[in-house]
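Thank you all for making time this morning.

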Amino acid sequence: MLCSYMYKMKLFTRNMTIFKCYYHYRRHSHTLINYTEYPFHEPNSSAYQSLVKRCRQSFKTTGCCYLPNFISNKTLETILNEITEWLNKYGDRVFHSYELHNLHLQETTNTDEEQQKSSKTVIAYDQIPTTSLLHQIYQYNPLTEFIRQITTPETKLYRSRDEMGAMYVNIYEKGNQLNWHYDNSHFFVNLLLKQPSDEGIFEYKIQNDKIISRNDFEARGLTIFHGSQYRHRVTEIKSPKKERINAIFTYATISDHKLNDYIHKKFFGRIQKWDINDEY
Ligand SMILES: O=C(O)CCC(=O)C(=O)O
Ligand SMILES: [Fe+2]
C-alpha cells in the first residue's frame, strides 16, 4: 500500500518536472526575443550581467551597441507580414516624408549651410495595433530596463508617451535615404527588419571624420546608438527591388515624454491623432 503510494508520488513528481521543463521551453522558445543569447528573463544571471557590461562599454566608448539575432526568424516573419498588412490597409495614408534639413534636422536657414536631403515612408505609433508583435516587444519591461542600464544607468528611463513617435516603422525604398544628422533625442533603439547587403547602410562618423559603415548589420539585429553625439546617416537605396525596413523605439528620462505639433507635422505629416478603430 505504502509502496504504491510512494510510487504514485514519484510518478507525479516526475510528471511535474517534465511539465515544468516543457512549460519553460514553450515560454522561452516560442517567444519574441532570442532568450538564449539575450537572457532578459534571468536578470540576475552572470550571462545577463556580462551582456549588460559588454553593451554598456560598447555604447560608452564607440557610441554603438549592436545585438545580432535579437529576434527569432519566426518573429521577424510575423512582423513583416503585419507591416505588409498595414501598408495594404492604409494605402497612401502612411506618411512619405521628403525633407531638406541641416545636421540638426532643422530647416536650413542660411545658404552657406550644407543642405541634406532625406526621404522615407513612416508608419506612426498610432497606426500600429496594440496586438502587434512590435508593440509587444516595445512594451516588454525587461527590454526597457536593459536599455536604461546601457544608456542612462544613473537615472530612470521610460518609454515615450508620444502618440506618433513612441515607436514607428521606417521604410526606405528606391531613391530614399536619411542624410547626415545628429538626433534630437539622446539615443535611439533600432530593430532592423529588412536590410540589403550593399545599400541603405547605416554609417556614422567618429574622430577625424572617419566613416564607419555597418555592412555587418542584418535583419533581426537591435542597435542602441548615441545619435545625439555621433553624426550618422542611412545611405541611399539605389535599386528598385531593394528596401530597408526598421522600427525605432523611443525612450525618455521623463515619464510623460511627448513631441510637439511642429515635430508631428514634420516627421509624421499630421497633427491629429489617427483613430485606428475607424480604419478597421
Ligand atoms: O533608420 C535608421 O537606422 C536610423 C534612423 C535614425 O537615424 C533616426 O531615426 O534618427
Ligand atoms: Fe538619427
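Predicted model: local features only at pLDDT ≥ 70, side-chain atom pairs only at ≥ 80, totals over all residues.

Let me start with one pair of residues: Lys 194 has Ile 245 as its bridge partner in strand E12. Residues are numbered from 1 along each chain as its sequence is written, and chains are lettered from A and ligands numbered from 1 in the order in which they are written.

The element names I use are DSSP runs numbered from the N terminus, where helices (H or I) have at least four residues and strands (E) at least two, and two strands are said to pair if DSSP finds at least two bridges between them. With that in mind, strand E7, residues 188-194, pairs with E12, residues 244-249, in the antiparallel sense over five bridges. E7 is also joined by four bridges to strand E10, residues 222-225, and this pair again runs antiparallel, with Phe 225 in E10 as the bridge partner of Phe 188. Is E7 mostly covered or mostly open? Five of its seven residues are buried, so to speak mostly covered, where buried stands for 20 or more other C-beta atoms within 10 Å of a residue's own, exposed for 12 or fewer, and partly exposed for anything in between, with C-beta atoms placed from the backbone.

Turning to the open sheet, its four strands come in the order E6-E11-E8-E9, with antiparallel pairing. Strand E6 (178-181) and strand E9 (211-213) are at the edges with a single partner strand each, so one side of each has no neighbour in the sheet. Within this sheet, E8 (residues 202-205) is joined to E11 (residues 232-234) by three bridges, and His 232 in E11 is the bridge partner of Tyr 204. E8 pairs with E9 over three bridges as well, and there Tyr 204 stands opposite Ile 212. E8 and E9 form a hairpin with five residues between them, and in its turn Asn 208 has a positive phi of about 55 degrees.

Which residues surround ligand 1? Among them are Asn 170, Phe 188, Phe 202, His 232 and Asn 246, a residue being near a molecule if its C-beta atom, placed from the backbone, lies within 6 Å of it. The elements giving two or more residues to this shell are E7, E11 and E12.

Finally, helix H2 (residues 46-62) and helix H5 (residues 141-151) pack at an angle of about 50 degrees with their axes 8 Å apart, the axes being lines fitted to C-alpha atoms over the stretch in contact and the angles running from 0 to 180 degrees between N-to-C directions. Helix H2 contains Lys 60, which counts as exposed because it has 12 C-beta neighbours inside 10 Å.
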